[in-house]
Amino acid sequence: MKKQQKPDNPSSSGPTSPRWADRLLEWFVAPHLLEYVQGDLQELFYKRVEQVGPTRARREYVWAVFHCLTPFFHKPLRQGTGKPISDYPQPAHTAMLRNYFKIAFRNLAKNKGYSFINISGLAMGMAVTMLIGLWIYDEISFNQYHKNYDGIAQVRRLYTDPNIQKTDGTDAMQFPMGAALKSHYHHYFKHILMAWWVSDYTVSVADKKIQKKGEFIDPGVLDMLSLKMLRGSYASLNELHSIVLSKSTSEAIFGDEDPINKKLKIDNRIDVVVTGVYADIPKNNRFGEVEFFSPWDLWVASNDWIKQNETEWGNSSFGIYVQLQPPISLETANAGINDFYQKSTPKEMADRAAKYGYEVFLYPMNEWHLFSEFKNGRAAGGQITFVWLFGCVGLFVLLLACINFMNLSTARSEKRAKEIGVRKAIGSLKNQLIQQFLSESFLVVILSFVVSMLLILIALPWFNHVADKELSLPFSNSFFWIISLVFIVVTTFLAGAYPAFYLSAFQPVKVLKGTIRLGRFAAMPRKVLVVVQFTVSVVLIIGTIVVFKQIQYAQDRPVGYNREGLITIPKNDPNYVGKLDVLRTELLKTGMVAGMELSSSPLTAVWNNMGGFSWSGKDPEVADDFAITDVSYGFGQLVHWQLMAGRDFSKAFATDSTKMIINETAAKYLGLKKPVGEFITFYDGKTSRQIIGVIKDMVRNSPYEPEKRAFFFLDANYNSASQIDIKIKPTVSATEALPKIEAVFRKVVPSAAFDYKFVDREFAKKFSNEERISKLASFFATLVIFISCLGLFGLASFVAEQRTKEIGVRKVLGASVLNLWGLLSKDFVSLVSIALGIAIPMSWYALTSWLEKYTYRTEISWWIFAVSGAGALLITLLTVSFQSVKAALINPVKSLRSE
Amino acid sequence: MKKTILGELEELVLLVVAASSDDVYGVPVMEQLQALTGRSFTVSAVHTTLYRLEEKGFLSSSVGGATAERGGRRKRLFALTAAGGRVLLEIQQMRQQLWQSIPVGKLELLGL
């Protein structure tokens, strides 16, 4: 009944309904409904042809056909709906699928051990891949919270030192540049915003003081960053003395109270009024750390030195952010402002720009995070390396898990050969068998997916902690589910394709006769897969060890001073002036403190660099900039710097404020035979300072880099001091001392916030990036090894089972347990040895190039390879032995009796 | 009884079938609906509703004559069953009750 006779069509000459639509209808609609629906559609069609003409009627016909493509019309016979017209309702292809799933479930349930290995291995692999996927997504979507993401950029400039032809770049611009951009280049930009750098401030109201990160920037920032204003508007920063708080800051300061129009003080000197509150910017944004915004003009008004620089082209200290005017592209704007200095600045500045080859360019927001390292002044790489690295690791882990699946499926093929034979004998096509095995792997993948979701939910808090992220599974995001679906399908094919094609190719006659002997090469792909697995595992083991070793090496590097018990407190309150000596006396009185001194930079950073120095025998070609730190009299003693020559600053010599101490690197750099007693002349050519001492390098910047050449000047009156350094007596514990120290601060300078930092902890932070990598690497390595071992375990147990009879015969003939153990383990050990042979040169090559990044680096010694190789072999033996010993111990009577 | 609750379209279709003197099939039902409501319906919607009503036992169907403009295809003709009549009466009764419980003059107050 499926094919309908179509007699005496009245319009064999007139217009007909579109054929393809009819075909579609006939294909889709259940046969017992088709006749009536199609009849009605046709009838209507001819009516409409007369009413509105053939074109429109056809269109309506197609439209109506599409409306019939609903489950209702497709359903196989529904009870009570019409009467079955055909005795053979359209066989639904779901029936066969149902059978496949049933068989798959039975197989899983029958071989619980294999199923467990399969599902747990795959689940773990998927969990890792998805975690990495989430991480990569987070990295890539950095800064995308802002609607104008594509148009926001920071202004940078390149300059080339004509002496050494070295190009470098900076994001610090001159104050008048903002105004010049606004007057000459405003057609490119929607916003041109002057900004100070994000830094810590003490925000206080009444007697409440909190440290908050803030940004002083032109008011357009609220609009540029498209912040979600909970209170106030984008005009909230237009008032000079205004401040806009993030929601969490507002809650921290005012609790549930309405913050609007409340008065605050920044650093106890700038008065502001709260004019707005914005929803917190998520952490994966450059401005995510900012907790309040205040107007740039207020910062200028509050800092005399900035005000004096309003028209000064000699001082580059300020940031400029821009947002492009929509149709303008980044390239156009870049080309437009490239020669800004040469064209739009006073002659003196333009000359300097020509001499140093100044070039202005925009550093777009989409590069801020992933391309944050600069080479020759241009953005070149950065975090993007890790995105690639972890992406590869994730793929590898998934691949390993899939390899397990493939191995176990093909290994078990002999067990299922009979089933395949029977299926083929009763007419199963190769295609159908492929479908069967794919649906089987689909089932396993779905199960693993569910398990992996659970694993992720468990592991996510830990992972967030290690990776310093705020990741979560976006369950409500439909995009996430689409990706998951794609992921499942891809994994199904990765894991199931090989077994599906392999198994479906069996010849039924041979299989059913029982003569199937998988040839000598049948196990070959399996062996290759094991080798791949172990190669990856060993590379990861070696990598982990080397990363650990490198961190250890840098941590053990002598730092040149004693950071034990040292704390620093920023001197950021005007009321400290004149009170510092009192503070020291009071602190010493507590008996907890060994000393208090001042410095212009904290011990774990160098904030000041100065150029233009000259000395006797200086090569005019070499750079003349040095790291400068101003310190008070007892600073050297406080931190225990190690004098190599000369003497420390001392109050006994009245002229010490015209002297200086240099570090070892500086002494070498200066190239003076006896640096102590020599004079260094400043850039103005008149002032000079005499060297009185040389100290061992103090590691203050990167522990992987050589310390910069540094000068230490005496700052007897604490004019440049920015940090208060306190040493707690070694005999006293920090928890005991801190409350006492705080009490002294409260008494002497009540307005200041007591925000202390331990120097050793600050120093440890310099390792956080490497430590993060090492933690993640060891995590992945462990997982990879585990997954590989799971696979090996399954494979070994299978081989042992297959050779039960052989083992029985051998035992009867007198083989010892040791013999049999060797026999069964030999194969796997040789596979792992091959893997070692591949992995060792590979990892050596990769790690050597990784280590080259660091100036202070550990060696890759032979024992690393030996240890990881031996470890891999040991793990293999342990895994395999469990099975082989079990097989070797079986009573031969049992294994031989079965026939 | 839950089963007797009818959707708007179901009720309309049932009424159209009840109102016609002969047994009807999809196209006339659809045209009637269009003429009455001014809304357009697709063949698929009408068919779905008809079959659903049959499933619920409010309509019965038989196979009817083929015509040339249907390409020789037969029609499925629908007729109201006793159960269908009953459910229409029930609905009418319920509506009437509700109408009667509208306070006197309320609609006039709204200017209707």
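Predicted model: local features only at pLDDT ≥ 70, side-chain atom pairs only at ≥ 80, totals over all residues.
Helices here are DSSP runs of H or I with at least four residues, and strands are DSSP runs of E with at least two, both numbered from the N terminus.

## Annotated transmembrane regions

The unreviewed UniProt entry also carries the annotation "transmembrane region" for several stretches of chain A, among them residues 116-137, 386-408, 442-463, 527-548 and 860-880. Residues 442-463 of chain A are 100% helix and 0% strand, with end C-alpha atoms 28 Å apart.

## Packing of α16 and α21

Helix α16 of chain A, made of residues 384-411, packs with helix α21 of chain A, residues 524-555, at an angle of about 155°, and their axes are 10 Å apart. Since angles over 145 degrees count as roughly antiparallel, α16(A) and α21(A) are therefore roughly antiparallel to each other. Their crossing is left-handed. On the α16(A) side the contacting residues include Phe396(A), Leu400(A) and Asn404(A), and on the α21(A) side they include Arg526(A), Leu529(A) and Gln533(A). By class, this contact has nine nonpolar, four polar and one charged residues.

## Packing of α2 and α3

Helix α2 of chain A, residues 31-52, and helix α3 of chain A, residues 54-67, likewise pack at an angle of about 155°, with 8 Å between their axes. These two helices, α2(A) and α3(A), are therefore roughly antiparallel to each other, and they cross in a right-handed manner. Among the residues that make the contact are Leu41(A), Phe45(A), Arg48(A) and Val52(A) of α2(A), together with Pro54(A), Arg58(A), Tyr61(A) and Val65(A) of α3(A). The contact of α2(A) with α3(A) has nine nonpolar, two polar and four charged residues.

## Confidence along the chain

The mean pLDDT of chain A is 82, and 94% of its residues reach 70 or more. Over residues 1-12 of chain A, however, pLDDT stays under 50, and for this stretch the model has 17 contacts beyond four places in sequence. Residues 77-90 of chain A also have pLDDT below 50, with 24 contacts in the model beyond near neighbours in sequence.

Note on methods. Residues numbered from 1 in each chain as written. Chains lettered and ligands numbered in written order. Heavy atoms only, no water. Axes fitted to C-alpha atoms, helices over the stretch in contact; angles between N-to-C directions. Parallel < 35°, antiparallel > 145°, perpendicular 65-115°, else oblique. Left-handed = near helix turned anticlockwise from the far one by under 90°. Contact = heavy atoms within 4.5 Å. Nonpolar A, V, L, I, M, F, W, Y, C, P; charged D, E, K, R; others polar. UniProt positions renumbered as here; feature names shortened; annotations may be inferred. pLDDT = per-residue confidence, 0-100.
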